[in-house]
Amino acid sequence: MLLATISACTGAERTASRANASSTDAGAQPAVAKALKQTDLRHGLAPLDTADVVQVASLQGAMPNLAAGVRGLDTPTGPGTVTLVAPERARQALIQAREARQKKDWVALDAQLPEARADLLLGAYAEYWKLYQALQDNSQLTPEGQIRAFIQKHHGTYLGDRLQGDWLVVATRAGNYSLAASLGPLINTDATEKCSLLHAMHMTGQPVSASQALDAFKPVQACWVMLNQLSKSQVVGWDDIEPQLRAIVETNKTAVARRMASILFTPAEMTQYSAMMKSPKNWLSGRGAPATRAETEITTIALSRLAYGDQRDANAAYVESQWASRLPQQNIEWVWSQFGLIAALNLDPNAARWYRRSGTLPLTDYSHAWQVRSELRQPSIDWARVASAIQRMSDRQAAEPVWVYWAGRADAARGDQASANKRYASIADELDFYGQLATDELGKTPSLPPRPEPVTAAEIKQARNNPGLRRAVELFHLGWRPEAVPEWVFAVRGLNDRQLRAAAELAREEHIYDRVVNTSLLTRDEVDFSQRFIAPFEGKVAQKAHEINLDPAWVYGLIRQESRFITDARSHVGASGLMQLMPATARWVANKIGMSDFRPSSVNDFDTNTILGTNYLSMVLNNLSGNEVLATAGYNAGPGRSISWRSTLSAPVEGAVFAETIPFTETRLYVKNVMSNTIYYSMMFTGKPQSLKQRLGTVTPAPGRQASLP
């Protein structure tokens, strides 16, 4: 299944409104200018000239309310458009409206709405919250007129597009397919909206293919409803659903698998499926060869489930003796691939042996990736098998730098250095883990890309006056990250490299460091490492690192991955601050280092967080033999897991192999990103070339033991 991607766009907005037409006389100009300058300076904005205000006010047929103030905006055609800054009472009403929304107190939200609308920069949020709630309330008629007016008024903006998507979903759910189909396409879509639109299109007679449906599919309600309908209409059939079911089964998402199975199987067959999933071995006991396609598939899944648990070897023998001759060869080969996959995820050295029994059967990209990893973990790597597994991946996955690199290594190991170098050269310009390793393999001296021409003050001003970015900045300063991030992402869609870099500089000026990095990463040709690898806080992080003999480049590389330099970042598991410390870990480290004034509420404080984080990182490093790869993994997943993963090695492996075969996806990506970041920060700080392969070094086997750190 393809993951739905979140897109975003830059949109125009209505940037001014009529207010107090009685203020149109020219004699008000000096007062207007004074109000402008005071308001703009307070918000860190360049003040507009009085002439600009008068020009725009005359175009609108009214002068702005002086109590409200105004801020300047540059349009694509030049300066002159303005948007009003709401009185303080309007902003407070907006804040109270948001609090009411969070409490689901819709009466209170209604009460704040008239005043909140006067916040011309952000007031649309209060109206959006109200209309969104009205869409969800089945006890009242949908206020279609108000919704259409909002969408039209805010056409091309994040909220306008979002409300249109919300309406599309609700209309599809209500069976109003013609309305829903008329509301697409959207600028910014998620899986729910994509599946709702495809459902509506199908129900109104528009062509929808199985591939469109499966590409959009994610396990959310709207997609299940769509897939059920397309199955009933025979747009998708057995050959479409069976691979999806197997792909879900192999990730052990049993609830999702059951729902997918219910589309494939009849109710009677689902009874058998449920019994099989409850106890595969018992269900298989006493059964003969399956007689139908459904029975064959359920039996195949049952055998694959025997790969779980500590009886894998015995269960494999059972599969071989009792079932290998009763099922089609390709089904048995898939079963062996599942034994290989589950073994690989458990770092079982037998994983490669079982994968090899799957023959040349095409597997999911996920399974082929673990097939390669299982071979890389062998004491003596069979590079021909590595190459074969990569060749069987989809073209899209095989083209990813990770697999291009390992295919190159396979070429080189088998004596085809020319082919290997060609592969390395194709990814050496990638500014990531495998691009760096490819550079090392080519024998080139690593270097930073040349810094492009700095963005100008005029370009930064244009970014500052972008309506969407302006809203996002204001939302960030309110601390409303759930609203601010999508508003920003929407605003930078479609910008060219210069505009993206200017937006990143705006974020730097506003101390919104995650947007500096993430926005600069979107550029294609102009690569600005001062943005992509920003090192904020005026050397204070480096100072804390030096105090306990840690490499500042490694600490910065870790923080960039952990929090993107957001001091109050909080993860879904409760980790906090720049260095993302769990509360229990923070308390433990504070006790260890004698931080007598530590309070849980201070964990987001810059000094407290960096002192505790760097000390903990130092402890993890010392506990793991001074190996940065192991310590980086241990910082993310816990030192005990690094110890456990290391203990499964049967021979020393390259640091790159250890990193690539970490069984936790999050930790695997984390380690590769942190170590890649570290190389770039090191080159920026020292001005000297750095080799990633050399830094990764070798990870040697060591017996398992109890971790002495949390």
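Before we start, a word on names: helices here are DSSP runs of H or I with at least four residues, numbered from the N terminus. With that in hand, select Pro 185, which sits in the loop between α8 (177–182) and α9. A cis peptide bond links Gly 184 to Pro 185, with omega at about -5 degrees. Keep in mind throughout that you're looking at a predicted model.

**Zoom out for a second.** Colour by secondary structure and you have 40 helices and four strands to look at. Of the protein's 710 residues, 54% are buried. The exposed surface comes to about 31,500 Å², with carbon and sulfur atoms supplying 49% of it. Among contacts with a separation of 6 or more, 62% are between residues 24 or more positions apart.

**Next, the disulfide.** Select Cys 195 and Cys 223, whose sulfur atoms are 2.0 Å apart in a disulfide. Searching the whole structure turns up one disulfide. What does this pair tie together? Cys 195 belongs to helix α9 and Cys 223 to helix α11 (residues 221–232), so the bond ties together parts that are 28 residues apart in sequence. The torsion about the S-S bond is about 85 degrees, which means the disulfide is right-handed. Both Cys 195 and Cys 223 are buried.

**Stay on α9 and pick His 202.** You'll find His 202 in helix α9 (residues 191–203). Is His 202 buried or exposed? Its relative accessible area is 18%, and the cut-off for buried is under 20%, so His 202 counts as buried. Show the side chain of Ser 233 as well: a polar contact of 2.9 Å joins it to the side chain of His 202. Beyond its neighbours within four places in sequence, His 202 is also in contact with Val 208, Gln 229, Leu 230 and Val 235, among others.

**Move along to Asn 252.** This residue is in the loop between α12 and α13. Asn 252 isn't a glycine, yet its phi is positive, at about 65 degrees. With 36% relative accessibility, Asn 252 counts as partly exposed.

**Now select helix α13 (residues 254–264).** Its buried residues are Ala 257, Met 260, Ala 261, Ile 263 and Leu 264. They span an arc of only 150 degrees around the axis, so they lie on the same side of α13. To see what covers them, show α11, α12 (238–249) and α14 (267–278), which are included in that cover.

**From there, go to Leu 245.** Leaving out residues up to four places away in sequence, Leu 245 touches Ala 257, Met 260, Ala 261, Leu 264, Phe 265, Tyr 273 and Ile 301. Leu 245 is also one of the residues that touch the most other members of the largest nonpolar core, which has 201 residues; the others are Phe 265, Tyr 273, Trp 406 and Trp 488. Which helix gives the most to this core? Select α18 (residues 329–345), which contributes nine residues.

**Last stop: Gln 580.** Look in the loop between α33 (552–562) and α34 (583–593). Gln 580 has a positive phi, near 50 degrees, in a residue other than glycine. At 10% relative accessibility, Gln 580 counts as buried.

Note on methods: Residues are numbered from 1 along each chain as its sequence is written. This is a predicted model: local features need pLDDT of at least 70, side-chain atom pairs count only at pLDDT 80 or more; totals for chains, interfaces and linings use all residues. Side-chain values use heavy atoms; hydrogens and water are left out. A nonpolar core is a set of buried Ala, Val, Leu, Ile, Met, Phe, Trp, Tyr and Cys residues joined through side-chain atoms within 4.5 Å. Buried means under 20% relative accessible area, exposed over 50%, partly exposed in between (1.4 Å probe, protein chains only). Helices (H or I, at least four residues) and strands (E, at least two) are DSSP runs, numbered from the N terminus. Contact means heavy atoms within 4.5 Å. A polar contact is a pair of N or O atoms within 3.5 Å; within protein, one must be able to donate a hydrogen and the other to accept it, and residues adjacent in sequence count only if both atoms are side-chain atoms. A disulfide is a pair of cysteine sulfur atoms within 2.5 Å. Accessible areas come from the Shrake-Rupley method with a 1.4 Å probe; for residues, only the protein chains shown count as cover. The arc is that of the directions from the helix axis to the C-beta atoms.
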